[in-house]
Amino acid sequence: MNKKIKYVISVVFTIVIFSVIFLQINLSQFIEVISKINLFVLVISLLLIIPQVYLNAYRWIIIIKNYKQITLTQSLKATLISQSLNVVTPSHFGELGKAYVLKDKKFNIKIGAAAVLFEKAIDLLSILLICVIGLFIIKPEINFIMLIIGSLIFVILMFILMFLLNLKQDGFIQKIIKFIVPFKKFKEMLISMLDYFDTIKKDINKIFFIFIITFLKWMISFYQSYLFFLALGLKIDFMIILAIVPLGIIVGMIPITIAGIGTRDAAFIYLFKDIVPSHVMIAFGMIFSLRYIIPALVGLPLFWRKIK
């Protein structure tokens, strides 16, 4: 499917989902919530974007270190450019942008894509681990279905990651890929991914360190969500946020809307339906999207400079 058509479809889905959501809420109540936002708390919460971007950039340095040595400044620029691309692409496909802007002979786009895949897998595992911890702590009998689903996905992803890290890089695997996979570029990308996983698995301490950085980044993110609620005049138990917000983020990763906007908001409304009114959750979703939009705006001039 043509990329422009995919983009148009994503925009349409985003508009449709938002339209349906707004038809379901009391608009005057929503406006009242927005008008009463605690701006001081909101500004403090938005400042937490800075350590998250920094940790993302620092993690990227470690992830690609075996293939390319870059400075923190270079990594920050690449990270911010990818954030700009994330806002105009479904899900988080814009993350590939940081591989593209740093590519060279050794660190080609295929290796870069493998590095991004590994990074996203670690992100997802961290989110699910935090989610499962939260679900276990807050009355697991009430959230039994979510607990089972979250735990199951976490275990499956862990097995996939362990499989990839323990996969032996030899001619046999490459022959299977060449025989089964139909497209040449896709074959080359899969083989490059095997090369990447074969390289990174040799340093377990590095993998563990990357996971710790990722875990810390997401804990800051979920504390930021706690402050978003506080700015809206609600004090939600932090453990409830750890249990529920991750599921909304995962739904937002489904590549059908721009930057997950719309799908993520709908998920938040459904998941918090017994705790927070829908008109408040719409306001929360809009504020939550700022954590993607603000870095994207900062990265936009860098992106334009790069493509000139």
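I took buried to mean under 20% relative accessible area, exposed to mean over 50%, and partly exposed to mean in between. The model I examined is predicted.

**Entry 1: fold.** I looked up the secondary structure and found 14 helices and zero strands. Of the 308 residues in the protein, 50% are buried. I then turned to contacts between residues at least 6 apart in sequence; 73% of these join residues at least 24 apart. The exposed surface comes to about 16100 Å², with carbon and sulfur atoms supplying 73% of it.

**Entry 2: salt bridges.** I counted six salt bridges. I noted a network of them that links Arg59, Lys98, Glu119, Lys120, Asp123 and Lys217.

**Entry 3: Glu119 and Lys98.** The side chains of this pair meet at 2.9 Å, N to O. Glu119 lies in helix H7 (residues 109-137) and Lys98 in helix H6 (residues 96-101), so the bridge links distant parts of the chain, 21 residues apart. I checked accessibility: Glu119 is buried at 0%, and Lys98 is buried at 1%.

**Entry 4: Asp123 and Lys120.** The closest N and O atoms of this salt bridge are 2.9 Å apart. Both residues belong to helix H7, three residues apart, which places about one helical turn between them. Asp123 is buried at 2% relative accessibility. Lys120, with a relative accessible area of 26%, is partly exposed.

**Entry 5: Lys36 and Glu32.** I recorded a salt bridge between these side chains at 2.9 Å, N to O. Lys36 is exposed, its relative accessible area being 57%, whereas Glu32 is partly exposed at 40%.

Notes
Residues are numbered from 1 along each chain as its sequence is written. This is a predicted model: local features need pLDDT of at least 70, side-chain atom pairs count only at pLDDT 80 or more; totals for chains, interfaces and linings use all residues. Side-chain values use heavy atoms; hydrogens and water are left out. Helices (H or I, at least four residues) and strands (E, at least two) are DSSP runs, numbered from the N terminus. Buried means under 20% relative accessible area, exposed over 50%, partly exposed in between (1.4 Å probe, protein chains only). Contact means heavy atoms within 4.5 Å. Accessible areas come from the Shrake-Rupley method with a 1.4 Å probe; for residues, only the protein chains shown count as cover. A salt bridge is a side-chain nitrogen of Lys or Arg within 4 Å of a carboxyl oxygen of Asp or Glu.
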